[in-house]
Amino acid sequence: MLHAHRQGPTRRAPEFSAYRWPPGFREGGGAGLPAEGPVGLRAGRLMAVAIAAAVLAALGGALWLAARRFVGSGVQRLRRGGDPGLMHGKTVLITGANSGLGRATAAELLRLGARVIMGCRDRARAEEAAGQLRRELSQASEYGPEPGVGGAGELVVRELDLASLRSVRAFCQEMLQEEPRLDVLINNAGIFQCPYMKTEDGFEMQFGVNHLGHFLLTNLLLGLLKSSAPSRIVVVSSKLYKYGDINFDDLNSEQSYNKSFCYSRSKLANILFTRELARRLEGTNVTVNVLHPGIVRTNLGRHIHIPLLVKPLFNLVSWAFFKTPVEGAQTSIYLASSPEVEGVSGRYFGDCKEEELLPKAMDESVARKLWDISEVMVGILK
């Protein structure tokens, strides 16, 4: 996704987690080997047996899950087999559409006939991804050829850096000048558990990109969305919102920084923003809903450091248990295109179904206060 790196003043906070070796083990040239001596040798053999058993168990589980996935592939095909002309004539803006969930969402909405605008920080990478998508769509699809009318849609690349309010404003100005309508806005881009760094405007990166950048983008495009109604806004959040809290005394994490907590806080902010926006949009025929995609194999976790010895096992487990980007994108696609959610607003979805929220994500007073403060932070109000 977007905004993993940013130029400008940064500072790092101390890491809060480190790999701890079990008692009787040591690091160094023989990192991971037991301490010397008979006891250590015995422990080493037991450790080898335990590792082998864990690997075999993980392999067995992976094979079982893989079998289930292949057997259930028909369900996935049915979910992606909608009317290719469903989104014909509609314009969709997706942030972070050059990789992961955003790319998968763009591919399917293109197949449904939409005109898709990719809003991406790295234009070169976005153009490369767009070229790949165009080639894929031009080839024969496993679902059959696209019809001549309402077939694959148009793909447009535009530069958008959500870590820069200046970039967001320039992007929106271009959109308002050149786009006669906007039917769907998908706030998809995000950054996950990065070291402490700041946006161009001095905001903590995760809060600045995941919440504030999208907050300004959405507000500046509301007029176009209203004039294009019925239209939709889709916000990608995470189940990890459950571990976050809105600390109005330290929204910029200058007093303390924990990368996991700050990610969860930004995702909680996404939900509170969605619910407050839904309240403000009542009667406009513009809907807004929020979703969690589940655990998906994307490059979003590039800041997570996994010990070298554990990586093969982690890769096996992630292949078996994590969703593919196509699977993870299904709820975004559903909320952007399905007639089933026409007129539905202010709800939280997972796996294309509405889900319950924790009370802290439904606190209207917190949502309104966060909205008011966000308006000041992004310069909508002085």
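The structure holds two cavities of 30 Å³ or more. A cavity here is a set of points, on a 1 Å grid over the protein atoms alone, where a 1.4 Å probe fits but cannot get out, and its lining residues have an atom within 4 Å of a point. Grid points are joined across faces, edges and corners, and a volume is the space filled by probe spheres set on the points. The model is a predicted one, in which local features need pLDDT of at least 70 and side-chain atom pairs count only at pLDDT 80 or more, while totals for chains, interfaces and linings use all residues. Residues are numbered from 1 along each chain as its sequence is written, and side-chain values use heavy atoms, with hydrogens and water left out.

Let's start with the overall picture. The protein has eleven helices and eight strands; these are DSSP runs numbered from the N terminus, with helices being H or I of at least four residues and strands being E of at least two. Of its 382 residues, 48% count as buried, where buried means under 20% relative accessible area, exposed means over 50%, and partly exposed is in between (1.4 Å probe, protein chains only). Among contacts with a separation of 6 or more, 80% come from residues 24 or more positions apart, a contact being heavy atoms within 4.5 Å.

Now for the largest cavity, which has about 50 Å³ of space. Around it you'll find Asn187, Ala189, Asn210, His214, Val235, Val236, Lys267, Asn270 and Phe273. Helix H6 (205-227), strand S5 (231-236) and helix H7 (259-280) are the elements that give two or more residues to this lining, and H7 gives the most, with three residues. By class, the lining of the largest cavity splits into four nonpolar, four polar and one charged. For these classes, Ala, Val, Leu, Ile, Met, Phe, Trp, Tyr, Cys and Pro count as nonpolar, Asp, Glu, Lys and Arg as charged, and the others, Gly among them, as polar.

H7 also packs against helix H11 (residues 364-378), at an angle of about 90° and with the axes 9 Å apart. Axes are lines fitted to C-alpha atoms, for helices over the stretch in contact, and angles run from 0 to 180 degrees between N-to-C directions. That makes H7 roughly perpendicular to H11, a label for angles of 65 to 115 degrees (under 35 is roughly parallel, over 145 roughly antiparallel, and the rest oblique). On the H7 side, Ala269, Leu272, Phe273, Glu276, Leu277, Arg279 and Arg280 meet Val366, Ala367, Arg368, Leu370, Trp371 and Asp372 of H11. This contact has eight nonpolar, no polar and five charged residues. Phe273 turns up in this contact and in the lining of the largest cavity.

The second largest cavity has about 30 Å³ of space. Pro230, Ser231, Arg232, Asn285, Thr287, Val341, Glu342 and Gly343 line it, which comes to two nonpolar, four polar and two charged residues.

Some backbone details are worth a look too. Most residues other than glycine have a negative phi, and most peptide bonds are trans. Asn285 sits in the loop between H7 and strand S6 (286-292) and has a positive phi of about 70°; Asn285 is partly exposed, at 45% relative accessible area. Asp351 has a positive phi too, near 50°. Asp351 is in the loop between strand S7 (348-350) and strand S8 (353-354) and is partly exposed, at 36%.

Conventions
1 Å grid on protein atoms, 1.4 Å probe; cavity = no way out; pocket = protein on both sides within 12 Å on 5 of 7 lines; lining within 4 Å.
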